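Colleague: I would like to go through the terms used for this model and see what each one rests on.

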Amino acid sequence: MIVNVEDARQAARKRLPKIFFDYVDGGSFNEDTLRANRADFQRWTLVQRVLNDISVRDLSTDFLGTRHPLPFMPGPVGFLGLYAGHGEIAAARAAHAAGVPLCLSTFSIASLGELRAATAGPLHFQLYVMSDRAIGDELLAQAEAAGVDTLYLTVDTAITGVRERDVRNGFRALTRITPGLALRLAARPAWCLDMLRAGLPEVGAVKHRPGFGKGVLEQAGNLSRRIDTGLSWKDVDWLRGRWKGRLVLKGILSPEDALTARAAGADAIVVSNHGGRQLDATSSTIAALPGIAEAVGGSLEVLFDGGVRRGADIVKALALGASGVLLGRAYVYGLGAAGEAGVARILSHLAEEVSLTLALMGLTSVDELKARGRTALTARAA
Ligand SMILES: Cc1cc2nc3c(=O)[nH]c(=O)nc-3n(C[C@H](O)[C@H](O)[C@H](O)COP(=O)(O)O)c2cc1C
C-alpha cells in the first residue's frame, strides 16, 4: 500500500529495472549532498499553536505569477517516459488534475508538441543550452507554440557529476540495448510490457535530427555531450533578450549568484543542487535557502527544490522564504510505481500532509504560513 513517498519509492524499486531505478534514486560521488538534502530538514522544527479554529484550510497560493491551488508542482525530471509508458503525458495529466503545471525537461521522450496535443493544462519548459544554438532556438519556438509562459534555464549542469551507481550499472556507457541489458530488463515484465505498448522511446527534442542517432540511449548520450560547457551569464543575457515570457534560473545555491540572476533580468530562481546529483559535498538546499531569501529580500522570487518527501518539508521551505516548491523524485517514484495514478496519489498525499501540518501548527492557509515566515519554525540547537 502506498501511504507516503517512501512507499512509492519501494514500489518503484520493485517495478523498474535496477538500472533506471538507480538513475532516479542516486546522487553524485559520495551522495553526501543527496543525504544532506533530506537530513537538514531536521535542523528546523515546526512551532505548534493550538485553539485557532483550523476547520477550514486553504492551500492555494501565488507563485510564478499565478494563483495555484497547491504550493508545489512537479519540476523538470528527464526521461519520464522511461519510468512509465508515455510518462510525460501521465505526469502532466496528474498535475493538471491537481490544478498545477508540469515543467517538461529538455531530456524528455515526449516532445513539447506531443505533450501539448495530449493535454490542455499549463506547461512549463526547462531548457538545457546546447553548443549548437539552433537546437535552443527550435526548442524556444516549440515552447512558444505550446503556450509555455515560464522557462527554466538550468544552470548547474554545464558538466555532469559522476553518479557512481550509474557507472556500476553501465548506464553511462550505454548507447543501445545489448543482450545483457535485455536480460536485466526482462526481470521487470510489467515495465517491459508497458514500454512495448508505448513504442520505442526516443528523445522527442532531437529524434528528427539524424546526427543524434537512434533510440533514447544513443540520443540522450549525444545530447548530453552537446550541452554547452561554456555557458555563462552572457548566455543568460542572450536568453533574456530572446524569451519574452517568465525566465527562471534553476540551480542557484549562493546569495551572490541570486543577486547576479536578479541583475541579469531573471524573474525567479530555484534554489537547487539538482537533487544532490551534481556538486557533492555542497550545501543542502534547505540550509542555503534562508541566506538566499534574505539576500534578495523580496526583490526576486525564490522557489525551492531538493529532498522534498513530506508535507512538513514543503511547509519548512515556504516558511523560509520559498514562494513555491518543485517536486523531483517524489513524483517520479509515484510514476515508476503506478504511472498517472501513482503521480496523482503522491500529489494528493503531499497536499493532505501540508494541510494537516498547517492545521496542527494552528494555521489555516499557506498564505498565513508565508506571512508568519521564519517565526513558524524554530532552529534546532546544533
Ligand atoms: C532522474 C532525475 C532526472 C533529472 N533531470 C533533470 C532535468 O532534465 N532537468 C533539470 O533541470 N533537472 C533535472 N533533475 C533535477 C530535478 O529537477 C530537481 O532539481 C531534483 O530532483 C530535486 O531533488 P529531489 O529529487 O530530491 O526532490 C533531475 C532529477 C532526477 C532525480
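Predicted model: local features only at pLDDT ≥ 70, side-chain atom pairs only at ≥ 80, totals over all residues.

Colleague: Why is phenylalanine 79 called buried?

Modeller: Its relative accessibility is 7%, and buried means under 20%, so phenylalanine 79 counts as buried. Phenylalanine 79 sits in the loop between strand S4 (72-74) and helix H4 (80-83). Its phi is near 60 degrees, a positive value in a residue other than glycine.

Colleague: Is histidine 86 buried, partly exposed or exposed, and what makes it so?

Modeller: The relative accessible area of histidine 86 is 47%. Histidine 86 lies in the loop between H4 and helix H5 (87-97), and has a positive phi of about 50 degrees although not a glycine.

Colleague: How do you know how H1 runs relative to H16?

Modeller: Helix H1 (residues 5-15) and H16 pack at an angle of about 170 degrees, their axes 10 Å apart. Angles over 145 degrees count as roughly antiparallel, so H1 is roughly antiparallel to H16. Among the residues making the contact are Val5, Ala8 and Arg9 of H1 and Tyr333, Ile346 and Leu350 of H16. By class, this contact has 9 nonpolar, 2 polar and 2 charged residues.

Colleague: Which residues have the most contacts inside the largest nonpolar core?

Modeller: They are Phe72, Phe79, Tyr83 and Ile269, in a core of 122 residues. Helix H16 (residues 329-360) gives the most to this core, with 13 residues. Phenylalanine 72 touches, among others, Leu347, Leu350, Ala351 and Val354.

Terms used: Residues numbered from 1 in each chain as written. Heavy atoms only, no water. Core = buried A, V, L, I, M, F, W, Y, C linked by side-chain atoms within 4.5 Å. Buried < 20%, exposed > 50% of the residue type's maximum accessible area, 1.4 Å probe, protein only. Helix = DSSP H or I, 4+ residues; strand = E, 2+ residues; numbered from the N terminus. Contact = heavy atoms within 4.5 Å. Axes fitted to C-alpha atoms, helices over the stretch in contact; angles between N-to-C directions. Parallel < 35°, antiparallel > 145°, perpendicular 65-115°, else oblique. Nonpolar A, V, L, I, M, F, W, Y, C, P; charged D, E, K, R; others polar. Lists of a residue's contacts leave out its neighbours within four places in sequence.
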